[in-house]
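Hello,

Here is the structure I said I would pass on. My notes on what was found in it follow below.

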Amino acid sequence: MQKYRRLLGIFYRNALMAALEYRLNFWSLLLVQLFWTVWSAIGVGIPFLYVHSIAGWTYPELLVVVGMFTFMKGYLDIVLVPNLSQMTEYVRMGTLDYILTKPINSQFLVSLRNLGLEGWASAPLGIGLVAYGLWVFRYLPSLLDILAFLLLTFSALIMLYSLNLAIQSLTFWVVDLEAADSLVDSAVEVGRFPVAFYGGWLRFVFTAVIPVAFLTTFPAQALLGRSPGWLVPVAAVVALASFIAASAFWRFALGAYASASS
């Protein structure tokens, strides 16, 4: 583990140094992301000019969900897209050979080697919007609420990573799989609103089939003190199972890879 932590430190330090070579561009990204965060918060508030709540959610509570959505978008842009989205290029150009010959776990390298700092401001702004929603709602989470929120958020990060890894692993059979990014991004976009906003079978799909509810709605509910006690262990089990399944599928998919040197 110490070796892997040291490698991550080297990877991310180099990425940060490269980004800070153009400091004006680096900080201008904050202004751009701030604009879109504020715009999102204003946009979802328009219906609340006419109603007090929608599907049991008030505007301040909805801001917590939107903040979680912004945070997840940041995670997508910072970690998942710069790494797993390169899979098509690795397979098409044969550069996956370079990764597979390293004395490091290949899944670790394809998952965490790069850092996309173009969207670095999304994650902290998302957390800021969550805090603002709680402030407007005049709700102070308890320690148990915060603990449940952190555990659910961590589980959500694992689920989103596992979904992305599983989809990107299909590249070994379908080389031109650039639409995979759109699929994962669409799943996150759906999480902009609570799953209660979606009726009938859609709510079931976004909860039990595609883990949209786990990405934004459930962590927000936990922070607002509205989470049932069984949700945290269920989320942990689902996250662990999805990670194990995605990792197993990755190893299986590697067996279908035809090396560029073969």
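To begin with the charged side chains, Glu189 and Arg192 form a salt bridge, with N and O 3.0 Å apart. A salt bridge here is a side-chain nitrogen of Lys or Arg within 4 Å of a carboxyl oxygen of Asp or Glu.

Before the rest, some notes on the source. The model is predicted, and local features need pLDDT of at least 70, side-chain atom pairs count only at pLDDT 80 or more, while totals for chains, interfaces and linings use all residues. Residues are numbered from 1 along each chain as its sequence is written, and side-chain values use heavy atoms, with hydrogens and water left out.

Salt bridges

The whole structure holds 4 salt bridges. One of them joins Lys73 to Asp185 at 2.8 Å, N to O. Lys73 is in helix 3 (residues 59-84) and Asp185 in helix 9 (residues 179-190), so this pair ties together parts that are 112 residues apart in sequence. Helices are DSSP runs (H or I, at least four residues), numbered from the N terminus. Lys73 also forms a salt bridge with Glu189, where the closest N and O atoms are 3.8 Å apart. Glu189 lies in helix 9 and Lys73 in helix 3, so that pair ties together parts 116 residues apart in sequence.

Lys73 counts as buried at 18% relative accessibility, whereas Asp185 is partly exposed at 24% and Glu189 is partly exposed at 29%. Buried means under 20% relative accessible area, exposed over 50%, and partly exposed in between (1.4 Å probe, protein chains only).

Aromatic rings

There are 14 aromatic pairs. In one of them, the ring centres of Phe35 and Trp36 are 5.2 Å apart and the planes are at 75 degrees, so the pair is edge-to-face. Rings of Phe, Tyr and Trp (its six-membered ring) pair if their centres lie within 6.5 Å; planes under 30 degrees apart count as stacked, over 60 as edge-to-face and the rest as tilted. Phe35, Trp36 and Trp39 are linked by ring pairs into a cluster. Phe35 is partly exposed at 48% relative accessibility, and Trp36 is partly exposed at 48%.

Charges over rings

Arg138 lies over the face of Trp135, 4.8 Å from the ring centre. The charged end of Arg226 sits over the ring of Trp57, 4.3 Å from its centre. The rule asks for NZ of Lys or CZ of Arg within 6 Å of the ring centre and within 35 degrees of the ring normal.

Regards

Key
Helix = DSSP H or I, 4+ residues; strand = E, 2+ residues; numbered from the N terminus.
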